[in-house]
Amino acid sequence: MDLTSESTTAAVVDSFAATPDPRLREILQELVPHLHDFVRKVRLTLPEWQAAIEFLTAVGQKCDENRQEFILLSDVLGISMLVETLNGQSSGTESTVLGPFHMVASPEREHGDSIALVGGGTPCVVSGRVVGTDGAPLAGATVDVWQCNAEGFYDVQQPDVQPPGNGRGLFRTDAEGRIRFRTVVPSHYPIPTDGPVGKMLLATNRHPYRPAHIHFIATAPGHRELTTHIFVADSPYLDSDAVFAVKKSLIADFVEVDDPGQARAHDVANPFRAASIELVLEPADVG
Ligand code: BEZ
Ligand code: FE
């Protein structure tokens, strides 16, 4: 059988017709025409296809138990954020990317504890509240928190400098759905650039920076799990996040407080910054 460019596409689509899993069949039969159209549209050359294979091979070879270069590729192509947004809550707090640094269990901490285990940086108090979409507080919800330090590094990136668990905490909400913790204001930071994704950013004149943020995962029985951030309102790169994960509703003021009485009450140095976040969770049965 002689195949033309168009009939090859139809033949490949047809080759998946007997796939027993209907969702897998749908995905593959949609994917193939898009890929073929792309190849036709840019008139991909053999050396370019070879370069693409070498790039994807290098992405795979960079992966190990601590490094997921394919997720990073998905992040910088905006696909992680697209999938997150399509599958996020329809009425609660907006979600954003998980990122690669939630790789260790966060230590359990008490209301008011500090997650900044070493000195340095601007002291900060974060107050949060977990509620349902009806506004009712969710007592006993868990809130997993992780962030980089004031220099822009997560604990796992600096095992010789930061103690494990620095910048991390697993909190449980009180009867009013509240959590509170002390920390330092996180810095903006570059995503890992020592692999093929970094080379791609360099070759395309893209910077690798993410604006300063704190990560959260909130869970409560009977509710959908929420993965999100708060972004520091005066951080650089809010308009050009390397992984396209900023949503306006997630930008929070980290207000400067110059009040020795309040500083004493929170057990932080004066002046300090204060931020708050409300995490609104949908019932588990909402699409
Ligand atoms: C992060 O926020 O931790 C992150 C997200 C995507 C890529 C790299 C880092
Ligand atoms: Fe991060």
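Domain bounds are taken here from an automatic or database domain assignment. On that basis, the protein divides into domain 1 (5–66) and domain 2 (74–281), and the centres of the two, taken over C-alpha atoms, lie 36 Å apart. The model is predicted, with pLDDT of at least 70 needed for local features and 80 or more for side-chain atom pairs, while totals for chains, interfaces and linings use all residues. Residues are numbered from 1 along each chain as its sequence is written, and side-chain values use heavy atoms, without hydrogens and water.

We can turn next to the interface. Five residues from domain 1 and six residues from domain 2 take part in the contact (heavy atoms within 4.5 Å). About 420 Å² is buried between domain 1 and domain 2, with carbon and sulfur atoms giving 78% of this area; buried area is the accessible area (1.4 Å probe) lost by two parts on being put together, summed over both. On the domain 1 side, Phe-55, Lys-62 and Asn-66 lose the most area to domain 2, together accounting for 80% of what that side buries. One salt bridge is counted between the domains (a side-chain nitrogen of Lys or Arg within 4 Å of a carboxyl oxygen of Asp or Glu). The side chains of Lys-62 and Asp-194 meet in a salt bridge at 3.8 Å, N to O.

An open sheet of five strands runs in the order β3-β2-β7-β8-β9 with mixed pairing, where strands are DSSP runs (E, at least two residues) numbered from the N terminus and pairing requires at least two DSSP bridges. Its edge strands are β3 (168–172) and β9 (251–252). Strands β7 (residues 213–219) and β8 (residues 226–232) are antiparallel and share six bridges, and Phe-216 stands opposite Thr-228 in β8.

How values were computed:
Chains lettered and ligands numbered in written order. Helix = DSSP H or I, 4+ residues; strand = E, 2+ residues; numbered from the N terminus.
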